[in-house]
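Me: I've got a model open and would like to go through it piece by piece. Can you take my questions one at a time?

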Amino acid sequence: MKITNILAKIMIVSAILLPNLVSAADHVIKAGARAFETPILYVAEGDNVQFSNMNSHNSASVEGLIPEGATAWAGAMGENVAPKLEKAGIYSYVCVPHIGFGMVGVIVVGDVSAEDIAAYKQKAIDTLEGPFRRLLGKINKIKPTI
Ligand SMILES: [Cu+2]
């Protein structure tokens, strides 16, 4: 391959990737006493999400309620986790010791349609048990972005 070809390809890839890198926004989900502040958070693909003030809390994704192929997370107590949200879609998470208080939340990455939300809600209804069903209250409030 000629050097000019390589340079041209680098320039094309940079033109595609750089605007995404530059525009990635940072979001913080702060733990309150018994609830996450911003329990329903909408972010763009590539944005960064960081939990904060997690001293007596944790954040763990809910199995089966993150996008297919996405990376699950399970923060330790007191850990200000920054989950990697590489896949578009809806991520449900809980604070394990405080699920019963409704200390749960959802992160919506990228665009979701009314159909996407309806399918996700049905999956949640079919799979969530016990206090995890507190998530349904949050899932019911997700609004379509397209
Ligand atoms: Cu908690």
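Me: Where is the place of Thr38?
Reply: Keep in mind that this is a predicted model. Thr38 has a phi near 65 degrees, which is positive even though the residue is not a glycine. To find Thr38, go to the loop between strand 1 (26-30) and strand 2.

Me: Is Thr38 buried or partly exposed?
Reply: Buried would take 20 or more other C-beta atoms within 10 Å, and exposed would take 12 or fewer. Thr38 has 14 within that distance, so Thr38 comes out as partly exposed.

Me: And what is the phi of Asn53, roughly?
Reply: Asn53 is in the loop between strand 3 (48-52) and strand 4. It is partly exposed, with 14 other C-beta atoms within 10 Å. Most residues other than glycine have a negative phi. Asn53 is not a glycine, yet its phi is positive, at about 60 degrees.

Me: Which strands are the edge strands of the open sheet?
Reply: The sheet is built from 4 strands in the order 2-6-5-4, with mixed pairing. An edge strand here pairs on one side only, and that applies to strand 2 (40-43) and strand 4 (60-61).

Me: What is the bridge partner of Lys30 in strand 3?
Reply: Strand 1 and strand 3 run parallel and are joined by 5 bridges. In strand 3, Lys30 is partnered with Ser52.

Me: Which residues make up the covered face of strand 3?
Reply: In a regular strand the side chains alternate between the two faces of the sheet. In strand 3, Asn48, Gln50 and Ser52 are on the uncovered face. That leaves the covered face to Val49 and Phe51.

Me: Why does Leu85 count as buried?
Reply: Leu85 lies in the loop between strand 4 and strand 5. Not counting residues up to four places away, it touches Val49, Tyr91, Ile107 and Val109. The cut-off for buried is 20 or more other C-beta atoms within 10 Å. Leu85 is buried because its count within that distance is 25.

Me: What separates the C-alpha atoms of Leu85 and Ile107?
Reply: Leu85 and Ile107 touch each other. They are 22 residues apart along the chain, and their C-alpha atoms are separated by 9.1 Å.

Me: Last one: buried residues make up what share of the chain?
Reply: The chain has 146 residues in total. The buried share is 25%.

Technical notes:
Residues are numbered from 1 along each chain as its sequence is written. This is a predicted model: local features need pLDDT of at least 70, side-chain atom pairs count only at pLDDT 80 or more; totals for chains, interfaces and linings use all residues. Two strands pair if DSSP finds at least two bridges between them. Helices (H or I, at least four residues) and strands (E, at least two) are DSSP runs, numbered from the N terminus. Two residues are in contact if their C-beta atoms, placed from the backbone, lie within 7 Å.
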